[in-house]
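Student: Hi! Could you walk me through this structure?
Tutor: Happy to, let's open it up.

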Amino acid sequence: MYLCVCDNFTLPEAKTTDDIDTQVAAFTERLHQPYNNASRPLKNNDTFYISRDLNQLFKERNRARKTWQYTRSPADKNILNNLQKQIKKIITKFEQKQWDESLACLEAEYGTLWSAARELRKKTPPIPALKGPAKIAYSDTDKSGIIADSLQNQFKLNDITNDTDRAITHVVHTYLENENNFTNISPTPPPLPSEIIDYIKNTNVKKSSGDGLHL
């Protein structure tokens, strides 16, 4: 009903193509503005830059590692070691360049020099020793071993059996494996049709059939 009344709105006048383009652009801008306001802002994806040469060395290193793991040849091992040395040398050079650039940008006027000096003078707190089942670990190697043993024990399957369960299982298996226990048993008579009908009528249709019973 609102649109049927002409006094409720006025159409813009456009006499030239430029007027039409201007009005379309304004309408598009008004349409996009609430959409952008209701949308979530995009997060900045700060990815680490890797040069093409270094990326190629990574691929060759991975390929050489797979080859050496398959062949276990000393020659393939030497190729892998050489590639790792090249990668380490390039990364060290790149990190040193970044460090030099960051030092060159420090200025006392803006406080960046004092902030960097304060971070360098800050003492790193030592990692406390870990108490293991046999000894106290102080070195990184001993600490990693204790952590590995702890994780292995945590994710190990629990032993839920006991002596009573073993005894009962042994008795049941012994009884079932003895054929003399089943020789004098009279065969079970087949059920009557009336019994089957009564059982079907008394069965709850909403009850699950159970494991191994799929009707």
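Student: Leaving aside its neighbours within four places in sequence, which residues is L83 in contact with?
Tutor: L83 is in contact with L57, E60, R61 and A64. Contact means heavy atoms within 4.5 Å.

Student: Before I go on, what should I know about the model?
Tutor: This is a predicted model, where local features need pLDDT of at least 70 and side-chain atom pairs count only at pLDDT 80 or more, while totals for chains, interfaces and linings use all residues. Residues are numbered from 1 along each chain as its sequence is written, and side-chain values use heavy atoms, with hydrogens and water left out.

Student: OK, which residues make up the largest nonpolar core?
Tutor: Eight residues: L54, L57, F58, A64, W68, L80, L83 and I87. A nonpolar core is a set of buried Ala, Val, Leu, Ile, Met, Phe, Trp, Tyr and Cys residues joined through side-chain atoms within 4.5 Å. Buried means under 20% relative accessible area, exposed over 50%, and partly exposed in between, with a 1.4 Å probe and protein chains only.

Student: And which helix gives the largest share of this core?
Tutor: That is α2, with five residues. Both α2 (52-71) and α3 (74-104) supply at least two residues each. Helices here are DSSP runs of H or I with at least four residues, strands are E runs of at least two, and numbering starts from the N terminus.

Student: How many helices and strands are there in the protein chain?
Tutor: Seven helices and two strands. Along the sequence the pattern is α-α-α-α-β-β-α-α-α.

Student: How much of the chain is buried?
Tutor: Of its 215 residues, 7% count as buried.

Student: Back to W68: which charged ends sit over its ring?
Tutor: The charged end of R72 does, 4.3 Å from the ring centre, and so does that of K77, at 4.2 Å. The rule is NZ of Lys or CZ of Arg within 6 Å of the ring centre and within 35 degrees of the ring normal.

Student: New topic: how many salt bridges does the structure hold?
Tutor: Two. K122 meets E119 at 3.6 Å, N to O, and K135 meets D142 at 3.8 Å, N to O. A salt bridge needs a side-chain nitrogen of Lys or Arg within 4 Å of a carboxyl oxygen of Asp or Glu.

Student: Is D142 buried or partly exposed?
Tutor: D142 is partly exposed, because its relative accessible area is 27%.
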